[in-house]
Amino acid sequence: FYRGTKITYRELENKVYEYAKALKSSGIKKGDEIAICMSNCPELVYLLGAISIIGAQANIFGDEFDRKYITEIINECSADIMFVTDNLYKNIEESINNSKVNDIIVISLTDSLINNKNPYDELENKWYDFKNRAITIVNNDKSIKLISNFIEEGKNYEGNITEIVNLNDVYTTTYSS
């Protein structure tokens with residue numbers, strides 16, 4: 001469940017494969033390290049599942065660090081792609097702009113909400129106003145993509161998606177405060 005949205009295991013599996021196809025279509029391969037600065041939302045789960053089955057590595061970090069460290073984390077990733085949720089983008093925008101990453105994919109925390117509305121808004125609006133900021137971010141910088149556009153680009157990918165991985169493969173690097 002995500003704020004009133006029920007996601008079945010079948011839907012989860014389908015989303016993971018959609019994300020995997022989009023990653024592969026964008027050139028991500030086994031062993032590539034991908035920068036991720038995302039809040040908890042279903043899209044993070046889909047992305048992590050996809051990264052796992054293609055044999056890539058998720059480099060997860062928060063927005064609380066000094067900007068120069070965030071830039072270093074992004075630059076140390078081998079993949080030229082990064083994923084960020086719309087609520088964190090402004091906090092790390094300077095670091096992104098100072099990094100080498102070219103493909104920035106933004107996800108709105110409203111993407112998985114029913115009708116893009118948070119049913120718990122009355123309870124949660126003092127902490128966060130759930131509105132789609134991703135559209136504004138993309139409109140202000142045409143080089144940034146919405147997650148829906150990224151997924152659409154991978155729909156026709158027909159190559160191999162899954163890789164053989166084992167317990168010795170690095171799957172995540174996580175930075176926490």
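Student: Is Cys77 buried or exposed in this model?

Tutor: The model is a predicted one. Cys77 counts as buried because its relative accessibility is 1%, below the 20% cut-off. Cys37 is buried as well, with a relative accessible area of 0%.

Student: How many disulfides does the structure hold?

Tutor: A disulfide is a covalent bond between the sulfur atoms of two cysteines. In this structure there are 0 disulfides. Cys37 takes part in none, and the nearest cysteine sulfur, which belongs to Cys41, is 11 Å away. Cys77 is likewise in no disulfide; there the nearest cysteine sulfur is that of Cys37, 11 Å away. A pair would have to lie within 2.5 Å to count.

Student: How is the packing of two helices described?

Tutor: Two packed helices are described by the angle between their axes and the distance between the axes. Here, helix α3 spans residues 67–76 and helix α4 spans residues 86–97; their axes come within 8 Å and cross at roughly 60°. The two helices, α3 and α4, are therefore oblique to each other. The crossing of α3 past α4 is right-handed.

Student: Which residues of α3 and α4 make the contact?

Tutor: On α3 they are Arg67, Ile70, Thr71 and Ile74, and on α4 they are Asn91, Ile92, Ser95 and Ile96. Sorted by class, the contact of α3 with α4 comprises 4 nonpolar, 3 polar and 1 charged residues.

Terms used: Residues are numbered from 1 along each chain as its sequence is written. This is a predicted model: local features need pLDDT of at least 70, side-chain atom pairs count only at pLDDT 80 or more; totals for chains, interfaces and linings use all residues. Side-chain values use heavy atoms; hydrogens and water are left out. Axes are lines fitted to C-alpha atoms, for helices over the stretch in contact, and angles run from 0 to 180 degrees between N-to-C directions. Helices (H or I, at least four residues) and strands (E, at least two) are DSSP runs, numbered from the N terminus. Angles under 35 degrees count as roughly parallel, over 145 as roughly antiparallel, 65 to 115 as roughly perpendicular and the rest as oblique. A crossing is left-handed if the near helix is turned anticlockwise from the far one by less than a right angle, and right-handed if clockwise. Contact means heavy atoms within 4.5 Å. Ala, Val, Leu, Ile, Met, Phe, Trp, Tyr, Cys and Pro count as nonpolar, Asp, Glu, Lys and Arg as charged, and the others, Gly among them, as polar. Buried means under 20% relative accessible area, exposed over 50%, partly exposed in between (1.4 Å probe, protein chains only).
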